Amino acid sequence: MKGILLTLVLLLIISCDDKYQNEEFKAIEEITNNYLVKNHLNKTIEKPRIPSENEIEEVYERPLNVDTLDLKVYLSDALLPISQIKEDNEWMFDDNYFGTKDSLIFHSIVNSTEFKNLKYREFEKNKIQFIKPYRQFEKSKEKLEENEEYSLLSFSRVCFDGKRENGIVVIEYRNGNKGFTSYGNHMAFLIKKINEKWEYVPRK
């Protein structure tokens, strides 16, 4: 009898872990696309600025049709413990939602037991579906051309609230060319499930 109960408990724990990791995968996939569109694609397709007199006179117009673009993304499969990142980078978790409801949600998740207990894990990054014009590439399998641009994304574990309607994740984003990075960001973000899709809440 005890053996049966133990088996049932183990199956319940495994089932809960699977559901959590499935929601975590969904959040990472949707936040990846959401973040790239807001922080990269919109800048890529914006109208070209007029160069100053000191710059090269020839203007290189960027294509406005996303179907003509081929934007490469390197995605890390390592999800670091979010509590460890906070311990090493306390400033990332400074509350700048300024006393709003989001501020209360942010604090409650950071102070939760789940936040402290999430461990390192790897996920199947090759199953992530990118929206056009982005696609995933592996540095070891595909060479970059000189001056070819690409983006790099990595995530912490995603810590959800009890209802899995809100969460916190650390996003590390870099954009650059072969051999160097031109700009990037590394910050903890509040994420929300809106109309069954995860979106990140920009820092103020």
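Predicted model: local features only at pLDDT ≥ 70, side-chain atom pairs only at ≥ 80, totals over all residues.
User: Let's start with β4; is it mostly covered or mostly exposed, and where does it run?
Analyst: Strand β4 spans residues 149-156 and is mostly covered, with six of its eight residues buried.

User: Which sense does its pairing with β1 take, and over how many bridges?
Analyst: Strand β1, which covers residues 71-80, pairs with β4 in the parallel sense, and the pairing extends over six bridges.

User: And with β6, parallel or antiparallel?
Analyst: The pairing of β4 with β6 is antiparallel and runs over seven bridges.

User: What stands opposite Tyr-150 on those two strands?
Analyst: Tyr-150 in β4 stands opposite Lys-72, while in β6 the bridge partner of Tyr-150 is Gly-176.

User: Staying with β6, where does Val-170 lie, and why does it count as buried?
Analyst: Val-170 lies in strand β6, which comprises residues 166-177, and Val-170 counts as buried because its relative accessibility is 2%, where the cut-off for buried is under 20%.

User: What does Val-170 touch, leaving out residues up to four places away in sequence?
Analyst: With those residues set aside, Val-170 touches Ile-82, Ile-85, Met-92 and Phe-93, then Ser-154, Phe-155 and Ser-156, and also His-186, Met-187 and Ala-188.

User: How far apart are Val-170 and Pro-81?
Analyst: In sequence Val-170 and Pro-81 are 89 residues apart, and in space they are 9.8 Å apart, taken from C-alpha to C-alpha.

User: Switching to the backbone, which peptide bond is cis?
Analyst: The peptide bond from Lys-132 to Pro-133 is cis, with omega near 10°, and Pro-133 is found in the loop between β2 (121-122) and β3 (134-136).

User: What about phi at Arg-164?
Analyst: Arg-164 has a positive phi of about 55° although it is not a glycine, and its place is in the loop between β5 (159-160) and β6.

User: Where is Glu-196, and what is its phi?
Analyst: Glu-196 lies in the loop between β7 (180-194) and β8 (197-201), and the phi of Glu-196 is near 70°, again a positive value in a residue other than glycine.

User: Why pick out features like these?
Analyst: Because most residues other than glycine have a negative phi, and most peptide bonds are trans.

User: Last one: are Arg-164 and Glu-196 buried, partly exposed or exposed?
Analyst: Arg-164 counts as partly exposed because its relative accessibility is 27%, whereas Glu-196 is exposed, with a relative accessible area of 57%.

Technical notes
Residues numbered from 1 in each chain as written. Heavy atoms only, no water. Helix = DSSP H or I, 4+ residues; strand = E, 2+ residues; numbered from the N terminus. Buried < 20%, exposed > 50% of the residue type's maximum accessible area, 1.4 Å probe, protein only. Contact = heavy atoms within 4.5 Å. Pairing = 2+ DSSP bridges.
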